Amino acid sequence: VSRARAVLDIRPSKHSLQAIIALPVQHETRLIGVLWLGYSKPHIFSKSESDLLMTLAGQAAVAVANSRLFEASEGGRQQLDAILTATPDAIIVTDPRLRLVLVNPAAEDIFDLQGKEIVGRRINEIIHQPQLAVALHSSDERRSSHEIKLPDGRTFSGSTSSISRQDGSIIGRLAVLRDVTEFKELDQQKTDAIEAVSNDLKGPLALMQGYSTMLPMVGKLNNRQSEFAEKIAAGVEQMSNLIEDVLDLHRIESDVGSSMQDLDMGEIVQNQIEDIKPIAVSRGIQLVCSVGHSIELISGDASMLGRAIRHLLDNSLRYTSSGGTVQVNVQMIKSEVEISVADDGIGISRADQDRLFEKFYRVYGQQDTDSSGSGLGLSFVKSIAERHGGRVWLDSQLGQGSTFYFALPTNNN
Ligand code: ADP
């Protein structure tokens, strides 16, 4: 009462207070304020009056707490809204059954959705991008990335993941699409330039190879001379292989000479395992393969897919030391055949993982242990997967090993 007097300037006047009751307005243990009631006549407050006032004070406390909560959540919502509006990446959120929940302005722009009623509609009805629906559908809890090509020629790199509650239950799916058209074009220019140079180099290299093998035929070479001639021939061969790799990559990217047929990936993987087993044995690495049940057929080019798998196996053996294990699995995950090649070798740092599938990218510092690679292998694997509507990604930790995944959509997709 004394504080109320101080605050409210209750001076003796004709309305001066003769009776006053004050009650705490309290939410849980926090005091929010005070509710007071004054009478201009003397008054004794009965129990029922004070009970009623207590109830009112309780309700006022709940109302104040709710409005503060609303203010806080509205602030958070506006902040999120500002972020979603400002980001140039397209963001799409669906519920677990792929009905649209939220689309930011960048996504509206890309898929021409301005002013359309979209919330609650299935993504397939609104966005005619089967790859996006497959991406959102296929990889349930895990994070995965996909390349999405639009009819207007733009290419987006989309990463999808699940939105889950604290108890782990999934409440939706999220797709973030980034425009990588420029990078794709640069990549293509890089390939074109390298292809042109490679073709030009083929002739002189063949000449060098021919003459270095003919050297011993034109006169007897001493030991050092034949050692040097062998080194030259080995160097020339390495260069020729590199050039063949570059030209192969160009062929794959321009889809030259591919012949599609129905294929059993389990069989292709097992054939590659049989071929590579002697190398694993000679390096003291245990190579284990498990093929799951009912692996559906995919449509693809057997020799290209064989090469992709072979390259992943080669790498896993190359970067694993003796006594290690390489585990290969083929399994159906939703509508994809997923091949994983897991090693317990040297692993790859997070920074390198992001660039690993780029052309010519090699991990710095490993070249001394192995100089035969060109850094083209994984871009081969990626191009082959993409040619087949599939994708590649990896999980790795430096020093603990790596798992490469290669997933292809099945024919029934
Ligand atoms: P390369 O022909 O040099 O092997 P790749 O494109 O196949 O080229 O691989 C690029 C780089 O990725 C390699 O130089 C290597 O450092 C790293 N790498 C690939 N596979 C593995 C693996 N299983 N474990 C560790 N590092 C790997």
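Two strands are said to pair if DSSP finds at least two bridges between them. Strands (E, at least two residues) and helices (H or I, at least four) are DSSP runs, numbered from the N terminus. The model is predicted: local features need pLDDT of at least 70, side-chain atom pairs count only at pLDDT 80 or more, and totals for chains, interfaces and linings use all residues. Residues are numbered from 1 along each chain as its sequence is written, and side-chain values use heavy atoms, with hydrogens and water left out.

**View 1. The open sheet of 5 strands.** Its strand order is β9-β11-β12-β14-β13, with mixed pairing. The edge strands, β9 (286-291) and β13 (391-397), each pair on one side only.

**View 2. Strand β14 and its partners β12 and β13.** Strand β14 (residues 401-409) runs antiparallel to β13, to which 7 bridges join it. Here Arg391 has Ala407 as its bridge partner, and Leu394 stands opposite Phe404. Strands β12 and β14 are also antiparallel, joined by 8 bridges; Ser340 stands opposite Tyr405 of β14. Because 8 of its 9 residues are buried, β14 is largely enclosed by the rest of the structure (buried means under 20% relative accessible area, with a 1.4 Å probe and protein chains only).

**View 3. The hairpin of β13 and β14.** Between the two strands lie 3 residues. Gly399 in the turn has a positive phi of about 85°.

**View 4. Helix α9 packed on the sheet.** Helix α9 (residues 302-318) touches β11, β12 and β14, contact being heavy atoms within 4.5 Å.

Note on methods. Axes fitted to C-alpha atoms, helices over the stretch in contact; angles between N-to-C directions. Buried < 20%, exposed > 50% of the residue type's maximum accessible area, 1.4 Å probe, protein only.
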